[in-house]
Amino acid sequence: MIADAIARGAAVWPVAIPLIGAALTLLVRRSPRIQRGVMEGGVMLMLGASVSLLVRVARDDVAVMAFGGWGAPFGITFVADRLGAALSLVTGIVALAVAIYARADIRARRRKAGFDPLFLGMLAAVNGAFLTGDLFNLYVWFELMLVAAVGLVSLDRRPAQIDGAIRYAAMSMVGASFILIGIGLLYGETGTLDIAHLGVTLVGKEPTLTLGTSAFMLLAGFALKAGLFPLFFWLPASYHTAPISVTAALAGLLTKVGFYACLRVLVVVFGVGGKEVVPGIPPLAALLAAATMIVSVLAALAQVDIRRLLAFHIVGQVAYLMMGLALASSVGIASAIVYMMHTMLVQTGLFLGAGAIARAHGSYDLRQAPGLVRDRPLFTALFAVMALSLSGVPPLSGFWAKFVVIDAAFRADAAWLAVVALIVGFLTLYSMSTLWSDSFWGTTSRQTRVIRTIPPAMMYAMILLGACTIGIGLAIDVVFTFATDAASQLTHPMSVGMTR
Amino acid sequence: MIAWLLGFAFLGSCAAWPLSFLFGRRASGWLLALVPASLFVAFLDFVPTIAAGRAVEWRMTWAPSLGVDLTLRLDGFSFLFALLITGIGALVVVYAGDYLSNESAPSRARFFTLILLFMTAMLGAVLSDNLLVLFLFWEATSILSFLLIGFHADSPHPRRAALMALRVTAGGGLALLAAIILVGMSLGSYLLTDVTARAYELAQSPWIVPILIGVLIAAFTKSAQFPFHFWLPNAMQAPTPASAYLHSATMVKLGIYLLARFEPVIGAAPRGRDTLIAFALATMLIAAFQALRAENFKTVLAYSTVASLGILVMLVGLDGPIATVAMVGFVLAHALYKATLFFCAGSVLHATGLSKLRAMGGLVRFLPVTAVAAALASLSMAGLPPFVGFISKEFLFEAQIQSSWNAVPMAVAVLVNAVLVAVAGVVTLRPFFLGRGKVKHVKHGETPALLVGPVVLSLLGLLLSLEPDWITAAVMRPAVAAVYGADVALELPSLRHGVTQTLALSAVVVGIGALILRFWGPIHAHLRSRTLIDRYDTEHAFEAITRRGGRLAAATARWVQHGDLRKYLWVVLASGMAFVIWGHVATGRWPRLPDTLPGWRIGPAAVALIGIGGAFAAVRARTLVSTMVAVGLTGFVAALTFMMNGAPDLALTQFAVESLIVVLLTLVLLVLPLDAPSTRTRRERTLDASLAAAFSLVVFGVLVDMSTTSRATLISDFFAAHSYVSAFGRNVVNVILVDFRGFDTLGETTVIALSAILAWSLLGPRTSGAGGAAVARGRTIFILSMTSRLFFWLLTVLSVLILLRGHNQIGGGFVGGLTAALGFALISLADGTDRARAMLRVHPISLAGGGLFLAIASGLPGLILHGDFLRHLWLEIDVFGIPIKQGTTLPFDLGVYLVVLGTVLAFLFGLRREAAR
């Protein structure tokens, strides 16, 4: 019976496990060691749950959980389709890498300040957002993400962190209000909150003012969460203040959830990529994507703090995702899905690498961190994999991600967007090569400066993520086929609705 | 088979790192050279196949969904490159073993790894038939070149040169990627063989112009053609073996390779050949000019390489079979003599530490064998018989005579070749034979490893010309056939044919070259004094663009990183507005107006008026206290609205929340200055006000629009109908919260629990809470202290009642928790936080954790029994004859209760301590 229950709850475990973990870590608050054990166990179990969910979804197309036994559209349902299950798996991998890394980075003081419950809570929220089939429930997970992230950013209680957390919270709340207004209007117009049901209800409807406002309010809210220009200020204003493990996790997960929500809602509810309910979404998305790419990469070029530099690259990478969505074709959506899986892993890896650089040199300042090639060759190679993947060098995952999205742009007659993407890709490489030249080449001129050892935990975390980006690159066929299936599942919500 | 070779090359490069440590300074070069050498021998195995005009193919599926397979193809042209790559590679590795004898062991290991990886990448590039696989290796060569140029990364010059090279070639790489994607779109295939076979079809594609631009940019950046030529002379900062290998013999010819493969397409496209030749001529002239001005040994060689690459591009551009023959011949000849000269330059550099040609002289005394090798290579470079260079030059002129072009390329070729003759003379005579006595002693002499490369290659330059049959049949002819698409009968030029046109041209070239050589000194000095070219060189433009870009980047960063939260918020809100307006324009709808206006209701109107008043008051408020009161007013109005619309639960909750906020904010206000002077200017206030007004106008319009839709009540009807029947609760709101949408509640409960941590860690004691507690106790008020106990117990009992009856009447876990928290708040205010904490016994965070755990756990029985998480189970028991229906909703609600209690207390205690500090 228990085994049966475990199997039937497949869709909920990736959320329930970290939630239980968060509750337990709150209870064992006094012992950082036990807290860590609970957190690591929770992450491992969650990853296992995501794996089994993915296996199941690959077999059955979808895994559904109707909470309280109230089926859609009356109750809340989790509808783990291919997209959600795959992203949940990637979340698990990112979480595992951060959990490993945290052994070296998060000490007892930070654990006492609540790293473990906040981290687990954030993971639950991320998985919840990926798996839920209910629009308001999605909003709840965004709220949980916000609280957890604010807590994580201000973990050390340094004034700079609190400052960053306030900026983050203030702007995120505006985004949350946008989302809430959008949801409210949509509910008022249709009387339902179930995403698939909304899609079915709206097919063929006249675009009323309410629907139009709802769509664009949701776009604004999700774009803010995703960190798109001109709504992205919160990200570079706060990410660099957090402990680096936290920054890495936030970088890998949060903005992607924002984009995911865009993708899910705009495609399934408003029919982007198929029969559009509200006109005008793809052109605006394309403008946003292009502007974000250009602004973020230029701003990144002017940074001397590695974390700020990488923070702007997060923004730029999300723009590539948005570009895939803006193409409003199933190839474009598939390319955005591939890109999302890649960028979650690589962004995390880069920030973890930045933390290791700072550990070796004692500084995040690019100008003060030379000479790692000579002294830390293995780490250098690991970081190179990440940096090259971000720059889109084959055969790493980053190359395929860029390739499919640019290819899709050309095929969707959006050559201008493809050209912008290529130029920004060049500037990304430019920025990465500067970073390389500054922090891996050169010598430690001052004899007093010692390059400290990088703890093994940090290396293991990076090895895990490096293996993933190489693995995706080599097994791109599997990933792309899967993403194509996921995209067609997304653009044909009827097939999901039927299985309920 | 060829895939095995490629795999072997890769494994060999991976093994280079440990092996070079294992075999130390002397042996590792020789030993590691076995990797390329054995590959060279293995490739020779293909001679019968290639000579018969066949190609070797190998295919493995990789990503069929993307049209990308690992398709390798060894034809005549690839074969020529494969032999050059592996053959020269072996010599380079041997040479590097001694050249790097001064370096530390890890540095040498790094060099060997990089150079062998580079060899693998080069092999991969020329063996790939799939353009995307070719691109993979193409990018790899760029990056390895970057790492090798920046090998001596201690000093800034190599770093700058490496960055420049990477930026130029990687930029070209992206152009290539764009071209490849467009080729794939046009042909539905990424195969090079398809590009060649369907060249005419490709030339008709609507994308042909961007495709050609992409291919040309890629080739021009890689092969250092104008306007991208400047990176190559700078790349001479690389260790000399790398320069010899990458920047003269192999990598820079990759661009030529690509152009040659695309030649049918370029030929079929309008003005394709003209473009190639125009850029090639510009490159040749500029490079020749700069070669005369250059001072460093390696820089002179680099510019002569650029000129030679220009010649190769020109030969690709010229039509006719002989042009292909000349191109293939020149690739071989150039690789042989230029690599030799680089080896010799490296030996000189290694021996003397000097880099300027002017400072060198008479080195034949110290480096006799090197000098001879340099002389042989120079004679070949000058195109004198009986060297390979002579043959290739004859073909070059023959191709020009036979092509349909006018005399301009011919004239330029004569001039540039003359300069190359002079360069050949200078780089041999100056350092080795002239200026005896300039160098008194050398740091390193010749060693076998340093000699193998130059000697073998320079002798080959002679032998292949004397015994041309084997190389012609096995390599050249198949290579020409592979590029040209048809077999071309080769008739080698010879002095026996008497004075032909081409021979005459050669003689003219050598004559002019000898003149330049004679007057090298004054020409060189005169040209050096002319700095105009530096100002108009594209390198200068590149630097300027880089600088401007840096300034633009800095300006962008300042623009988006000003750090003013209020401005950020304004922009964010305004953007949201802009989005909505865009949506309205795109939708093109006006608000639908209701047909009949609903009746005027005085109650709601009055309440709304109060709310609006509160909002205005909050905006106009000058102190925090008045702001708090005004905001509180809007909160109570919200609660009233809930009540009037049939949601007393929500109203109760809202009231409780508002009360608690007043308590908590009062605690905050105790430690804040009450006066908060306005920091906004008049203009900012106006802007803010107009944004707010616009936003509310839009929302109002939309709400009016929404109100006209026929009420879609599907879901709420269901809730009302099923609340008691299926969920056993009369209080619909509570049933929605714990059952219908219980999972939302669970999520929100977690939000609350996590905010407890946030409060606790942010407000918690930074050093120790003892001092604060003492102060708090000092403020105890006697009357309050006496009555607080009573109220505490009353509130506690009340909270439990609210919790229990929640499912059927007004109440529930949330309000219950808030009520209980009020009790503790009273105690805390009256007797101090310590007293309240003592009465609580449990840590507030543990309370929140336990509550959260309970709430989640209450969902598990339903999952186990019915397969639905949070499906509530019901049990009817008789208590004293009264049937009481109780279910798992109770532990769920209790969990919520505990979380709310714990969190509010975490805030409360934290704020109290914060206030007491």
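Guide: This is a predicted model. Start at B:Phe21. Beyond its neighbours within four places in sequence, B:Phe21 is in contact with B:Ala105, B:Pro106 and B:Ala109. B:Phe21 sits in helix α1 of chain B, residues 2-32. B:Ala105 belongs to helix α5 of chain B, residues 105-127. Along the chain, B:Phe21 and B:Ala105 are 84 residues apart, yet their C-alpha atoms are separated by 6.5 Å. B:Ala105 also pairs up in space with B:Arg25: the two are 80 residues apart in sequence and 7.6 Å apart, C-alpha to C-alpha.

Is this site buried or exposed? B:Phe21 has 40% relative accessibility, so it counts as partly exposed. B:Ala105 is at 31%, and therefore counts as partly exposed too. Buried would need a value under 20%.

Next, the hairpin of chain B. Strand β1 of chain B (residues 56-63) and strand β2 of chain B (residues 68-74) run antiparallel, joined by seven bridges. B:Glu57 stands opposite B:Arg73 of β2(B). Four residues lie between β1(B) and β2(B). In that turn, B:Gly67 has a positive phi of about 75°.

The largest nonpolar core has 517 residues. Those with the most contacts inside this core are A:Met122, A:Phe270, B:Phe43, B:Met327 and B:Phe743. Helix α17 of chain B, residues 321-352, gives the most to this core: 21 residues. Apart from this core lies another, of six residues, including A:Trp70, B:Ile715, B:Phe719 and B:Val735. As background, nonpolar side chains tend to be buried together in soluble globular proteins.

Leaving aside neighbours within four places in sequence, B:Phe743 is in contact with residues of chain A, including A:Val12, A:Phe67, A:Phe78 and A:Trp141. B:Phe743 also contacts B:Phe869 and B:Leu870.

B:Arg741 is the next stop. B:Arg741 is placed in the loop between α33 (732-740) and α34 (742-763) of chain B. Its relative accessibility is 11%, so B:Arg741 counts as buried. With neighbours within four places set aside, B:Arg741 is in contact with A:Ile76, A:Asp134, A:Phe136, A:Asn137, A:Leu193 and B:Ile736.

Just after α9(A), A:Gly204 takes a positive phi of about 80°.

A:Cys262 has a relative accessible area of 1%, so it is buried. B:Cys344 is at 0% relative accessibility and therefore also counts as buried. How many disulfides are there over all chains? The count comes to zero.

Definitions and conventions: Residues are numbered from 1 along each chain as its sequence is written. Chains are lettered from A and ligands numbered from 1 in the order in which they are written. This is a predicted model: local features need pLDDT of at least 70, side-chain atom pairs count only at pLDDT 80 or more; totals for chains, interfaces and linings use all residues. Side-chain values use heavy atoms; hydrogens and water are left out. A nonpolar core is a set of buried Ala, Val, Leu, Ile, Met, Phe, Trp, Tyr and Cys residues joined through side-chain atoms within 4.5 Å. Buried means under 20% relative accessible area, exposed over 50%, partly exposed in between (1.4 Å probe, protein chains only). Helices (H or I, at least four residues) and strands (E, at least two) are DSSP runs, numbered from the N terminus. Contact means heavy atoms within 4.5 Å. A disulfide is a pair of cysteine sulfur atoms within 2.5 Å. Two strands pair if DSSP finds at least two bridges between them.
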